[in-house]
Amino acid sequence: MTKNKRPTLQDIADYLGITKMTISRYLRNPDSVASGTQARIAEAIERFGYIPNRAPDILSNAKSRAIGVLVPSLTNQVFANVIRGIEQITDKAGYQTMLAHYGYSEKKEERRIESLLSYNVDGIILSESQHSEKTKKMLKVANIPVIEIMDTTEVGIQQVVGFDNIAAAQAMVETMINRGYRNVVYFAARQDKRTRLRQQGYEYAMAKHQLTPHVIATKEHSSFTLGGDLLHQALETFPQIDGIFVPMMTLPLALFLNVNG
């Protein structure tokens, strides 16, 4: 059985009776060729199912038109929304996203970044502000734009976009306290940096109002089952509990299901 041959630029050129250079110019900038030729090339590309080969551009150090995006979780709705927001911008600019998942592991993040940089991405978006020394060196040598998202409490490598997790947590807990809740318990799963920062905000709020902080902590990742387990543990350990502050999206839904189930 003969494997179907992938159509090449030369196949398109032969079919249209024009040069490969003309098609190449069209692929880089459609407006660089006459409008009639644009339509013919577009029709031929559709007809042949032609897929541009980016390898020569990458090897020649041209722009890859790709942005690397690293997220720690693919199940957390927060990061699904982040990716959607990023692609709303990259799509309009004619860029593709190259997505990598590192599971909150600094070592895995290092390997994923090394892989993305090997594809000559034009920029990279990171979800952490703490990285291994090798990662920081690779990013410096790559000399591309680097944006760190999700937290603004530390100075980043280049640019930081996000919010202050400590201040946000403190404001939310103070809102609960001002509404009369005095025995608020903090649920801390996974123990990543952002979870610890939010715990600081919670503790600042409790101390400000001269209340005793209570923390139920685990290194497990958040899940529906874990939410139920933490709720039962809190009720047994702190029977006076009248409020819960939870920094992860999965746990509140799990708590709701356990309370109302």
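## Thr135 in helix 7

Thr135 has a relative accessible area of 0% and is therefore buried, a class that covers values under 20%, with exposed meaning over 50% and partly exposed in between (1.4 Å probe, protein chains only). The residue belongs to helix 7; helices (H or I, at least four residues) and strands (E, at least two) are DSSP runs, numbered from the N terminus. Apart from residues up to four places away in sequence, Thr135 touches Glu109, Glu110 and Ile113, where contact means heavy atoms within 4.5 Å.

The model is predicted, with local features needing pLDDT of at least 70 and side-chain atom pairs counted only at pLDDT 80 or more, while totals for chains, interfaces and linings use all residues. Residues are numbered from 1 along each chain as its sequence is written, and side-chain values use heavy atoms, with hydrogens and water left out.

## Salt bridges

Side chains of opposite charge can pair when their charged atoms come close. A salt bridge is taken here as a side-chain nitrogen of Lys or Arg within 4 Å of a carboxyl oxygen of Asp or Glu. By this rule the structure has five salt bridges.

One of them joins the side chains of Glu128 and Arg194, with an N to O distance of 3.5 Å. This pair links distant parts of the chain, 66 residues apart: Glu128 sits in the loop between strand 3 (123-126) and helix 7 (133-142), and Arg194 in helix 9 (residues 193-208). Both Glu128 and Arg194 are buried.

Another salt bridge joins Lys208 and Glu174, at 3.2 Å from N to O. This pair also links distant parts of the chain, with Lys208 in helix 9 and Glu174 in helix 8 (residues 165-178), 34 residues apart. The two partners fall into separate accessibility classes: Lys208 counts as exposed because its relative accessibility is 54%, whereas Glu174, at 13%, counts as buried.

Lys136 pairs with Glu133 in a salt bridge whose closest N and O atoms are 2.9 Å apart. Both residues lie in helix 7, three residues apart, which is about one turn of the helix. Lys136 is partly exposed, since its relative accessible area is 35%. Glu133 has a relative accessibility of 61% and so counts as exposed.

Arg198 is placed in helix 9. With 14% relative accessibility, Arg198 counts as buried. Leaving aside neighbours within four places in sequence, Arg198 is in contact with Phe163, Asn165, Ala169, Tyr186, Phe245 and Pro247. For one of these residues, Ala169, the C-alpha atom is separated from that of Arg198 by 5.2 Å, although the two are 29 residues apart along the chain.

Thr218 is found in the loop between strand 7 (214-217) and helix 10 (224-237). The relative accessible area of Thr218 is 15%, so the residue is buried. From Thr218 to Phe187 the C-alpha to C-alpha distance is 8.4 Å, across a sequence separation of 31 residues.

## Helix 1 against helix 2

Helix 1 (residues 9-16) and helix 2 (residues 20-28) have axes that come within 9 Å and cross at roughly 115°. Axes are lines fitted to C-alpha atoms, for helices over the stretch in contact, and angles run from 0 to 180 degrees between N-to-C directions. Helix 1 and helix 2 are therefore roughly perpendicular to each other; that class spans 65 to 115 degrees, with angles under 35 counted as roughly parallel, over 145 as roughly antiparallel and the rest as oblique.

Leu9, Gln10, Ile12 and Ala13 of helix 1 meet Lys20, Ile23, Ser24 and Leu27 of helix 2. The residues of this contact divide into five nonpolar, two polar and one charged. Ala, Val, Leu, Ile, Met, Phe, Trp, Tyr, Cys and Pro count as nonpolar, Asp, Glu, Lys and Arg as charged, and the others, Gly among them, as polar.

## Helix 1 against helix 3

Helix 1 also packs with helix 3 (residues 35-48), at an angle of about 125° and with the axes 10 Å apart. Helix 1 and helix 3 are therefore oblique to each other. Their crossing is right-handed. Helix 1 contributes Asp11, Ile12, Tyr15 and Leu16 to the contact, and helix 3 contributes Arg40, Ile41, Glu43, Ala44, Ile45, Arg47 and Phe48. The residues of the contact of helix 1 with helix 3 comprise seven nonpolar, no polar and four charged.

Definitions and conventions: Left-handed = near helix turned anticlockwise from the far one by under 90°.
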